[in-house]
Amino acid sequence: MKVIHTVSELQRYMADIQKQQKAIGFVPTMGALHSGHLSLMKRARQENDVLVLSIFVNPLQFGPNEDYEDYPRTLDKDKDIARTAGVDIIFSPGVRDIYPRPMRNEINVISGTDVLCGKSRPGHFNGVATVVLKLFQLVQPDRAYFGQKDAQQVAVIKNMVDDFHLSVDIRTCETARENDGLAVSSRNVYLSERERSRAVHLYKGLQHTLRWITGQAFITPAEAEQKLQHYLQEHIGAQMDYVQVLSFPELKPLHQLEGSVIVACAVFFEKARLIDNVLVHVEKGRGGYYDVSYIDEI
Ligand SMILES: Nc1ncnc2c1ncn2[C@@H]1O[C@H](COP(=O)(O)OP(=O)(O)OP(=O)(O)O)[C@@H](O)[C@H]1O
Ligand SMILES: CC(C)(CO)[C@@H](O)C(=O)[O-]
Ligand code: BAL
């Protein structure tokens with residue numbers, strides 16, 4: 001496994017690989033690797049000849065009052081995990097390598113940022129899209145792998161790939177969860193014991209929502225949101241960021257439950273903001289009830 005820290009070295013190294021016409025799989029991350037990242041790497045390993053992993057905590061996607069400075073950085077441990085996953089190249093640049101000067105151009109994400117994390121983290125997806133475009137240019141992957149946990153990010157990246165005719169295939173992997181259902185996240189380390197035991201209700205709440213959708217005739221998206229909000233407030237008791245039921249991947253409000261639907265929530269704990277979602281296909285059943293099936297790949 002090769003560990004590369006500079007843009008120029010990566011460019012030299014990738015030029016050689018590109019000449020060999022090998023299929024390149026790419027997993028972009030911010031490090032502090034866990035089983036969620038591992039599932040992305042495993043799939044990318046199976047589907048490509050060469051596996052590139054990037055580890056870069058991108059300042060451009062953090063707001064002024066967010067956790068950029070405190071974001072966990074565990075490069076030595078990450079290298080061990082990457083090695084076991086069969087990574088060929090780790091690209092772990094410094095901020096000055098990626099941004100040697102203030103950017104003169106940035107991607108401005110126009111669609112789908114007025115909801116969910118786009119609404120609560122203004123500018124976040126401009127930062128994500130800008131760094132992902134840079135990384136795609138450097139790595140020139142055939143396939144790039146993202147997690148469903150960050151479903152809005154997947155929608156934003158797919159739109160960018162479409163809009164700019166980028167020749168990379170975006171593949172999404174289902175959310176890896178702890179045994180009790182909590183979505184694995186680098187930020188989980190910042191939960192206190194009490195918060196950790198309550199955090200499980202994010203996923204439990206999402207599952208209850210699916211039951212409410214199948215069990216309550218004529219339930220509206222707004223009613224489903226209200227019930228989930230109430231459940232989370234009662235069981236977690238932390239400050240809520242959002243609870244939303246939207247169409248996916250358009251991320252538009254729904255008047256009635258039908259088609260591909262995302263049920264998503266975000267909660268502020270003391271030191272970490274956690275997100276989770278479920279993606280389902282909803283169909284009208286009999287007597288005003290709905291049938292729901294999980295969507296495997298988005
Ligand atoms: N539990 C998970 N299951 C599947 N993919 C995941 C999971 N957690 C993160 N990923 C994916 O890994 C990639 C890198 O994510 P990132 O490094 O930000 O990790 P993270 O755990 O999501 O961090 P944080 O939750 O603190 O933002 C993204 O595509 C993300 O969606
Ligand atoms: C895609 C990404 C690596 C861009 O910084 C980040 O947003 C993440 O880890 O999901
Ligand atoms: N996984 C999303 C990256 C972020 O929270 O900034």
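## Shell around ligand 2

In this predicted model, β2 (24-29) and α6 (124-139) each contribute at least two residues to the shell around ligand 2; helices (H or I, at least four residues) and strands (E, at least two) are DSSP runs numbered from the N terminus. The largest share, three residues, comes from α6. The residues surrounding ligand 2 are P28, T29, M30, N58, Q61, V128, V131, V132, D150 and Q153.

By class, this shell holds five nonpolar, four polar and one charged residues. Ala, Val, Leu, Ile, Met, Phe, Trp, Tyr, Cys and Pro count as nonpolar, Asp, Glu, Lys and Arg as charged, and the others, Gly among them, as polar.

## Annotated residue H37

An unreviewed UniProt entry lists H37 under "active site"; such annotations may be inferred rather than shown by experiment. H37 lies in helix α2 (residues 35-47).

H37 counts as buried because it has 26 C-beta neighbours inside 10 Å, the threshold being 20 or more other C-beta atoms within 10 Å, with C-beta atoms placed from the backbone. Leaving aside neighbours within four places in sequence, H37 is in contact (C-beta atoms within 7 Å) with V27 and T29.

## Domain arrangement

The domain assignment gives domain 1 (2-173) and domain 2 (186-294), with bounds from an automatic or database assignment. Contacts involve 15 residues of domain 1 and 16 residues of domain 2. On the side of domain 1 that touches domain 2, α5 (116-120) and α7 (151-163) are the elements giving two or more residues, and α7 gives the most, with four residues.

## Conventions

Residues are numbered from 1 along each chain as its sequence is written, while chains are lettered from A and ligands numbered from 1 in the order in which they are written. In this predicted model, local features need pLDDT of at least 70 and side-chain atom pairs count only at pLDDT 80 or more, whereas totals for chains, interfaces and linings use all residues.

Note on methods. Near = placed C-beta within 6 Å. Buried ≥ 20, exposed ≤ 12 C-beta atoms within 10 Å, placed from the backbone. Contact = placed C-beta atoms within 7 Å.
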